Amino acid sequence: MQCIQYCDHYDALSDRASERLIQVIQDKPDATICLATGATPELTYRFFVEKIQKNQVDIRNVTFVKLDEWVGFPLHTPGTCESFLQQHIVQPLGLRPEQLIGFQSENIDEKECERVTDLIAHRGGLDLCVLGIGKNGHLGLNEPGTALEPCCHISRLDDQTRHHDMLKTAGRPVTHGITLGLKEILNAKEILLLIAGEGKSLASRQFLTQSITTSLPASFLWLHNNMHCLIDQSCLNFG
């Protein structure tokens, strides 16, 4: 099933997305959930934490997976995906260290990809993958190009991604990232794609044509049989 829902504003999108996260955990208390980072899911995660705390949802057996990470920075440097998830998910929920599967960021090679994918496989795969769409149409750090890497890999960042808002505090250039590949993403039992924010209009409109192309990695989500996409209607009007 593929479902596209248009939301009147960002708050409504975030509320619906947080409800879906809660439902997945209620349906499967030991769910494995992959989380994107950045501005798009930030409010979703805030609502998610609030609802877990208010309704005393049992998350003791839930495992979260970090979708990607910048390469070359200490893990807890401001602006890393690790720091984002620690701030918005791990610390507010009081998660145990083993409840977050994440990439290391320094002195890594393809063995780091194998380590993370093995941990995911040991959990039985991803039950839900929460994603956003990049301004250049990337998915995680699967960047546009003439060809795409199918599996988890270290990626060379597109020029536009190197100026990502999360990297404003980095203090030095970032050239590479490590990311789950399209194979791992599409193997998730469910995809929750959130589309919101300025600068997403072109990529979003291209995505909605349902044409699949390596120049828009997010378009490969149309190959998934259980994708739920929430779109902030206003972002289609931004440049």
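Visitor: Which element gives the largest share of the lining of the second largest pocket?

Guide: This is a predicted model, in which local features need pLDDT of at least 70, side-chain atom pairs need 80 or more, and totals for chains, interfaces and linings use all residues. Residues are numbered from 1 along each chain, and side-chain values use heavy atoms, without hydrogens and water. The lining (residues with an atom within 4 Å of a point of the pocket, an open set on a 1 Å grid where a 1.4 Å probe fits, with protein on both sides within 12 Å along at least five of seven lines) includes Cys-113 and Lys-183, and two or more residues come from each of helix H4 (110–122) and helix H5 (182–186). The largest share, five residues, comes from H4.

Visitor: How many residues line the largest pocket?

Guide: The lining divides into 13 nonpolar, 16 polar and seven charged residues. Among those nearest the centre are His-164 and Lys-200, and the residue count of this lining is 36.

Visitor: What geometry does the pair of Tyr-45 and Phe-84 have?

Guide: The model has three aromatic pairs (ring centres within 6.5 Å; planes under 30 degrees apart are stacked, over 60 edge-to-face, the rest tilted). The centres of Tyr-45 and Phe-84 are 6.3 Å apart and their planes lie at 70 degrees, so the pair is edge-to-face.

Visitor: Are Tyr-45 and Phe-84 buried or exposed?

Guide: Relative accessible area decides this: under 20% is buried, over 50% exposed, and in between partly exposed (1.4 Å probe, protein chains only). Tyr-45 has 0% and Phe-84 has 9%. Tyr-45 and Phe-84 are therefore buried.

How values were computed. Rings of Phe, Tyr and Trp (its six-membered ring) pair if their centres lie within 6.5 Å; planes under 30 degrees apart count as stacked, over 60 as edge-to-face and the rest as tilted. Ala, Val, Leu, Ile, Met, Phe, Trp, Tyr, Cys and Pro count as nonpolar, Asp, Glu, Lys and Arg as charged, and the others, Gly among them, as polar. Helices (H or I, at least four residues) and strands (E, at least two) are DSSP runs, numbered from the N terminus.
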